[in-house]
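Work through the exercises below with the structure open beside you. Try each task before you read its solution.

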Amino acid sequence: MTDPVLSIRNLKVALPEGADRDFAVNDVSFDLYPGEILCIVGESGSGKSMSANAAMGLLPDLVRPVGGEIIFEGTDVLKLSEAQMMKLRGKKVAMIFQEPMSALNPLMRVEDQIAEVFEAHNLLTPRDRAKRAIELMTEVGIPDPEKAARAYPFQLSGGQRQRVMIAMALALEPSILIADEPTTALDVTTQAQILELIRNLQEERGMAVMFITHDFGVVAEIADRVAVMQYGKIVEAGTADDVLDNPQHEYTRKLIAAIPKLAAEAGAAAAGKTPILEVEGLNKTYVTGGSLLFSKPRIVHAVNNVNLTLAEGETLGIVGESGSGKSSVGRCLVRLMQPDSGTVRLAGHDMAQLSGAALREARKSIQMIFQDPYASLNPRSKVGRIIAEGPMAHGVSKTEAYGRAVKLLEMVDLDALAIDRYPHEFSGGQRQRIGIARALALEPRVIIADEAVSALDVSIQAQVLDLLADLKERLNLALIFITHDLRVAAQICDRIAVMQNGKVVETGPAHAIFNNPQSGYARTLIEAIPGREKELAAAG
Amino acid sequence: MADFWNRFSRNRGAVIGLALLVIVILVAVLAPLLFPQSPWRMVQRPFLAPFSMDQYPLGTDALGRDVISGLAYGAQVSLLVGLVSTVAALLIGIPIGALAGYFGGWMDDALMRFTEFFQTVPSFALAIVLVAIFEPSIQSIIAAIAIVSWPPVARLVRGEVLSLRSREYVEAAILSGQTSLTIILRQVLPNTISPIIVLASLMVATAILLESSLSFLGLGDPNMMSWGYMIGAARTVIRQAWWLSFFPGVAILLTVLALNLIGEGLNDALNPRLARRGK
Amino acid sequence: MLKRLTTLAAALLVSTALHAEPVMGGRANVVIQPEPPSLMMGLVQNGPTQMVAGQIYESLLRYDEELQPMPQLAKSWEVSEDGLTYTFKLHDNVKWHDGEPFTAADVVFSADVFLRETHPRLRTSLEHVESITAPDDTTVVFKLKGPFGPFLGIFEAGTMPMVPKHIYEGTDYKNNPANNTPIGTGPFKFTEWVKGSHILLTKNADYYEEGKPYLDEIYWHVIPDAASRAVAYETGVVDVLPGGSVENFDVQRIADMDNTCVTDKGWEYFGPHSWMWLNNREGPTADKRFRQAVMYAMDRNFARDALWNGLGKVAAGPVSSSTRFFTDDVTAYDHDPEKAKALLAEMGYDGETVRLLPLPYGETWQRWAEAVKQNLDEVGINVEIVSTDVAGWNQKLAEWDYDMAFTYLYQYGDPALGVARNYISTNIAKGSQWNNVEGYDNKEVDDLFAKAAVAVTAEERQALYTQVQQTLVEDVPAAWLLELGFPTIYRCNVKDLVTTAIGVNDGFKDAYIEK
Amino acid sequence: MLRFILMRLGKAAIILVAILTLNFFLIHAAPGDPAAVMAGEAGAADAKFIAQLREQFGLDKPLLTQLAIYLKGVLQLDLGYSYRQQMPVADLIFSRLPATLLLTMTAFVISLLLGTVAGVLASARVGKWSDTAISTLALLFYATPLYWAALMAVLLFSVYFNWLPGFGYETVGANYTGLRRVLDIGQHLILPATTLGLFFMAVYMRMTRASMLEVSQLDFVKTARAKGLKPSIIQRRHIFRNAMLPVVTLAGLQAGQLVGGAVLTETVFAWPGIGRLMFEALAQRDYNLLLGVFFVSSAMVLLFNLITDILYRFVDPRIRVA
């Protein structure tokens, strides 16, 4: 093998005082070779971004390297002056980030931001810079690059912005590209495109890519080699195939096991069971930005004539990318949003027509679990009250409601003592359990889980999904599971509805959809799932 | 609480501010003990220079009244007006902001037009008109200050409520069958407290400045010795008696400074956004 | 305080020092405060208007510091034996500023037509007049319905200004465009008025008194801030600060400057007299003993020394000492808190709070109210100061909604013009703040004032007014404070500025600036 | 853009009418009768004379009729007649307006310029002594009563050192012309404009500093650094421009406060502007004049807000295009 372009030796990066541990990166060593993609994988807080940032000299304030070295072209970049680092950045080592919206200056045109890279290193004339900018944008596959060059970042889509970032990073043909979770904020189909782009560019130019991600699917898709990090240390490293197929470290094994498997089982057919929820002709349009006299409003058809049925004890997945209207459907069902038309029959009542006390009463039967474990619990209420509030609002006495809360906490595997504590004392996964307990407090028959595990790390995700499946069985709940993550849907759902642009484009049993999607969009969606090919290959 | 105090005391300015404010409060509370005679009493010859008589260390004014006693009683007025008018402004601003933010739609429109309207009229000019119309008295001054200073509260609360309203725990509360009033009072408003406390501490400072400006223009309560009044009364004699306007001005400056420093400290302590920056 | 008074006295001496030969030319820079609403003195007669327009408009007479009439537009006059016919001989070479001749017809028009409609104070006096006629161009005859003692005192420029008949006859007086460019007969002509900045008057070269005026122009500076006006004098921007231009606290400092003279003369015609209205109708102030206690409780000498620079006098009673028929043969109320307390104890004052309205005319008055409040506090009277602006103050007085209220009014040289109005019971009427606001009702006083006004000889009038003053001072319907001394401050090389009973108001006719 | 301006103008018009109506009723609720004040000025007044004045000026008409007359007049840019000053209100205000505009605009420019420059300097030297000095100064200015600062400035620079004139708009009676007059006015302007701008200078300092620091934490600044750009360019092109957005918003709000503050400054410095005119009008219960000043100052505020909004659209493409 050739010499590494970047060699990290015993790197130690210290966290400021008062952080949960002393070192973000603790005695980490790895090499990056030309022409390879090295994935650094880990859950949030594992310190996976820090070594990359250290290589760029872009660590956050108060976080500094305290030991080890980062050798690039024979010198330790940790010892370089800021001026020397400036020469390196952009030219030799380039970087792209997770959130392409905030990574671009909102007030500058895209071409100017690309041209700045040349300016920073005193290359080309201003006119040539603009020309190169457009060439680069063409290269990274931005449609109509002349027009896009004149645009401001907010006028581009998320995928296009990330392409702009990539164009910028590639401008000076650096030998190393550091990609810090570059696809996490993107929809799955866009993610697939960007991954392909990075892969292609890397191959064409023979760059070394350090790719930081939390998603083993992505790793499977793109990595040549993998380093797995936990608590600031590398616990396992090796070629992608070795690590994925034959993980050695317990932590790696756990992580990989927690990934929802795509193979949806041909579960018990729900047909024949009594439907508990029937949705017919549901419509919702948003009107934005109009005013009485002066401007034309923009109309978005968020939910477009949606029909669904949910049988007792069944789990229905609603999947789609952002903006597909999947969340709007969920919110219309519980009347957090007022549908324009359509019926939502829940155990005989039309939810869409109720109001006031009748609505409050009907809602007891249909509850919701939310996405964000931090935003879904009132930070100023104790857990006991959070759970007991619902029953109390419906006339249950305080003692009884708190008694029930204790039982519910036990049911979601939390200590009963939790009732006297505040939400911030719990971890994300625990909070999500509290959220589930709250939803169960009113003894609903239908639960809508809106991206209920999307914000959780993969290992926690698996636990929560198991809990949901278990509860569903025990309490005979019907579940509507709204998610953008097809793997999750595949694992938990009996049936799946695929949504695009407000419409349901395909419904059917989960295994049917995954194995034999009928609509073109469903097929694209499923093919874009990272790591799918590898998994299928492995499954043989 | 200990955590709060930790974060607060990490801001050196805030601790200085708190110390200053405690002194001002002590002086205000102890004024009747320290200076049993009325601050209006003509105790010495007019225009006694400061530091010339131990008994009247800051000298006397145009009528021979004790300046330091006036400062002590003035602290009472400043703090009283600052506090009460801020509370009054909160009582106007919070409900308006909460209703507008929570219910949105036409109610938001109507209430925000109303708020905007009060923001458009130059506030100090409006305060002058109001005090003049109600005739200067402690009540009219407090009312006027409250009336011109509630819009920022309403806007802040509206903004907070607007973002909290779509918070998932509020939606959960809706689904659990709680009424709008319960949700506003128990789920939403308690979570707006931190920014309101910060704003309120700054509003007390602004109110003290406003009261002193009104008194300076002769629109103070004529039966209460206030710092603004002292400066206003001293303006015409500034050439022969600089100390008459100098000391009350320093008193206002220090009190307002103290409140601003405390406001910043509270902001650091209650708003963990900055605290998180290091991670 | 003694030192301050001596320097002031010295300054007063200088002002009346030797007369030298007048110098021609120069400009007087004078403060005018507040900016007058209009200079058309026939329509507007407030203080600043009189001060500026008094150089433009004239009346038939002027008055010296003893209130004795002197010639002005009338070069001589006669009064008939029965006191009913007044005949004036006019100068015959007088021209209006626009060149038109001034004649007796203008006098008849001004007094009988124009001012009868527009001048509320003169209108009352003219009710005694039966006819005004002009037998020829230079003679005017006023015939009275009955004797009216103060009649010869109403021919002052601000009371009866002559307005040009050829401009105003038959027009809508208030909206006549000529109001913006006043035309009079006086020693100075209107030239320019930049609102918010200045008014410029220039010498009337055709003035009928040979050689006068001496100055080329008068530049009236509008400087709305009292402290700024003081600075304007100190920095030499202005040379004359008429009474009331600067806060009283500033007077001493300015008076100490080089080449600076101060006089409190020139107000004799007005006799500004200050007192507190005491509401005689209700509350503690309805009790005579309470009102007397107020008089004893107040330290009026302190107020004069601390607030008024020792200028002016402690008022003996309702009549100013500069007004005719004054007497000091009345009960004296010295500062005596013990006596006040005794009186309060005797009446059984229960500590009921009394409301005190200060006069909203600036710092001095505010301080004065604070000092009085403190005086009263010290004898056990609870006082609450009610702060209000000019309009609110007017309204509260007019509606009798007060317990005690500061005020000061002019006396116009004669008790019949400026004193009786505040004490006679026929003048009790809501809606005005210049009548018998306190609600004092005493038939004896009514009769005495009525008789004194129409008595023909001065001796008769003196006897009646002495009696009235004694009765009033005993009853204390109002708490008299000070005869105000308004200091006119000017550079000592400005000569002969204050020589008459209205001082600066018609003083520039004679003034000159020594080089 | 045009549609946006029209929309904002329409909204402003509605707010103005509302302000006028409210002011009208507020001020009429006040004690005191303008006729009585005028009668008082005339020396003596009986009820008959007051009634005559009241009739003459339409004060005897029903309140709603008076309001209707007033609003109709305002539509024709006739702000009524000042009974006390005997001049049309519009003339009075417009004769005083230039002085106020000069004062407030100068104060505005001084505060904005010095404030942002100092804020940028402080943010570039966080934690160093120059930052501490600037931040402390800002804190002090922020807490200083405007009128007191004005008085102390007069005491120090005008009375003690005698460097600058302490009152007025120009040297009265000097009758300067041309450049000398400009210089003279400039000299008179320094103290009032600086003291009036002091508070907002502090606000701009603090806000610029905080905003610069906040923006410098944003991702795109990291992107810019990753490009290898020089810190000075990052500071200017990326941080400063973005940090100015909240400052621009604030600048629009400042306009309203300046007009209010002008009442104090103009009082202390005897500056012949509408701030002082307002106070005079109030003391004299000159209803029409007071309403007029309110109208004009509110209109000024609305105009400033409009300018800010347009400016904001200019600097922030997100709002311009959306």
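**Exercise 1. The nonpolar core**

Task: Find how many residues the largest nonpolar core has, and which of them have the most contacts inside it.

Solution: 
- Note that this is a predicted model.
- The largest nonpolar core holds 521 residues.
- B:Ala127, B:Ile128 and C:Ala479 have the most contacts inside it.
- Helix 3 of chain B gives this core its largest share, 16 residues.
- Now take C:Ala479 and set aside its neighbours within four places in sequence; its contacts are C:Trp275, C:Met276, C:Leu278, C:Arg291, C:Val294, C:Met295 and C:Met298.

**Exercise 2. Chain B as a whole**

Task: Describe how many helices and strands chain B has, then work out what share of its residues is buried.

Solution: 
- Count the elements: chain B has eleven helices and zero strands.
- Its C-alpha atoms fill a box of roughly 75 × 45 × 30 Å along the principal axes.
- Of the 279 residues in chain B, 59% are buried.
- Look at the contacts in chain B with a separation of 6 or more: 69% of them join residues 24 or more positions apart.

**Exercise 3. A covered helix**

Solution: 
- The cut-off for a buried residue is 20 or more other C-beta atoms within 10 Å of its own.
- Among the buried residues are B:Trp227, B:Tyr229 and B:Arg235.

**Exercise 4. A sheet in chain A**

Task: Give the strand order of the open sheet of four strands in chain A, and explain why strand 2 and strand 5 each have one side without a neighbour in the sheet.

Solution: 
- The order is 2-1-4-5, with antiparallel pairing.
- Strand 2 (23-32) and strand 5 (75-76) of chain A are at the edges; each has a single partner strand, so one side of each lacks a neighbour in the sheet.
- Strand 1 (residues 6-14) and strand 4 (residues 64-72) of chain A pair over seven bridges.
- A:Leu6 stands opposite A:Phe72 in strand 4 of chain A.
- Helix 1 (residues 48-56) of chain A packs on the sheet and touches strand 1, strand 2 and strand 4.
- The direction of helix 1 makes about 110° with that of strand 1 of chain A.

Methods. Residues are numbered from 1 along each chain as its sequence is written. Chains are lettered from A and ligands numbered from 1 in the order in which they are written. This is a predicted model: local features need pLDDT of at least 70, side-chain atom pairs count only at pLDDT 80 or more; totals for chains, interfaces and linings use all residues. A residue is buried if 20 or more other C-beta atoms lie within 10 Å of its own, exposed if 12 or fewer, and partly exposed in between; C-beta atoms are placed from the backbone. Helices (H or I, at least four residues) and strands (E, at least two) are DSSP runs, numbered from the N terminus. Two strands pair if DSSP finds at least two bridges between them. Two residues are in contact if their C-beta atoms, placed from the backbone, lie within 7 Å. Axes are lines fitted to C-alpha atoms, for helices over the stretch in contact, and angles run from 0 to 180 degrees between N-to-C directions. A nonpolar core is a set of buried Ala, Val, Leu, Ile, Met, Phe, Trp, Tyr and Cys residues joined through C-beta atoms within 7 Å.
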